[in-house]
Amino acid sequence: MVPAGVNFASAVDWPYDPIWPVRFVRDGFFHIRIAGHGPAPTFERATAEQCVHACGQLLDAGLQPLLTVRDADQCSMLQHGTLVEHYNEADIASNGWRNDRDFDHMHRIIEVCAERALKLYVGGAVSGLHKRGFDFLKRFDWARIPPYVGVSVHRYATDGDWTKVTRWGGSLFSRPPKPWRTRHDEVRHLFDLVGSRPVAVTEFGYCSAEYSSQQQCEALRYEREFWSQYAEVLCAYHYTDDPRGSNCESTYGLYDAEGNLKPHGATFAGRG
């Protein structure tokens, strides 16, 4: 079974409350995804020193950090054992991907990660297995990317049903291609594009504002069982609810705003 992981936060404003790594270990989580940049609109980048410090504290706690970076310098000091992901939801135009600049960054990151024996995932961590995400992945010359370099993707359910293929939605088209009947077809198409390489699913989730606790438990159990067939990393969004918000985005947490593990968090960690 693929180890349960969570999306934590940003290395820019580290350190965090040291209780969180303790909770993650106690509750059975392993992969911890941490951003090497701050929030939009500035996307302030963490320095190499900030990245190595944040990831080092997670490694010291017995956890597996997965750091999202935008340039090679951020990888230059990372310890062996750190996982690296290039970019976040690069298929969304407002996130700032530029072909001329960021493909160059990617190839330099591949070199640095090889030199430092760091596991790397590229592909921009597209926002979903839909038309926009797949169209973005088609920009890559996958034949030039070593097969040991993985690909990272995000995958969110649509229409309230986690067992069905992604609705391509609005400008992304309303229906997937006709041959697609199951979620397995989505993944087969991913491998058709990128070749046989490791997969990291670094975001998926079900918010409390739209799904009942029972539905969340069923969905996360399903996701973990489904992705155990294809992925080596699986990180749920997000680690905690945001008490400042009241919409779906603020209620994805595996923990509530007080730091208590929610039932679907326990399910995802294999405890329910």
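Q: Does Phe 43 count as buried or exposed?
A: Buried means under 20% relative accessible area, exposed over 50%, and partly exposed anything in between (1.4 Å probe, protein chains only). Phe 43 has 14% relative accessibility, so it counts as buried. This is a predicted model, where local features need pLDDT of at least 70, side-chain atom pairs count only at pLDDT 80 or more, and totals for chains, interfaces and linings use all residues. Residues are numbered from 1 along each chain as its sequence is written, and side-chain values use heavy atoms, with hydrogens and water left out.

Q: Which peptide bond at Pro 15 is cis?
A: Most peptide bonds are trans. The one from Trp 14 to Pro 15 is cis, with omega near 10°. Another cis bond links Tyr 237 to His 238, at an omega of about 5°. His 238 belongs to the loop between E8 and H7.

Q: Which side chain makes a polar contact with that of Glu 203?
A: A polar contact is a pair of N or O atoms within 3.5 Å; within protein, one must be able to donate a hydrogen and the other to accept it, and sequence neighbours count only if both atoms are side-chain atoms. For Glu 203 the partner is Tyr 156, at 2.6 Å. Glu 203 lies in strand E7 (residues 199–203) and counts as buried because its relative accessibility is 9%. Residues that Glu 203 touches include Arg 33, His 154 and Tyr 237 (contact means heavy atoms within 4.5 Å).

Q: At what angle do H5 and H6 pack?
A: Axes are lines fitted to C-alpha atoms, for helices over the stretch in contact, and angles run from 0 to 180 degrees between N-to-C directions. H5 (residues 183–194) and H6 (residues 213–227) meet at about 45°, their axes 12 Å apart. That makes H5 oblique to H6 (under 35 degrees is roughly parallel, over 145 roughly antiparallel, 65 to 115 roughly perpendicular, the rest oblique). Arg 183, His 184 and Val 187 of H5 make the contact with Tyr 222, Glu 223, Phe 226 and Trp 227 of H6.

Technical notes:
Helix = DSSP H or I, 4+ residues; strand = E, 2+ residues; numbered from the N terminus. Lists of a residue's contacts leave out its neighbours within four places in sequence.
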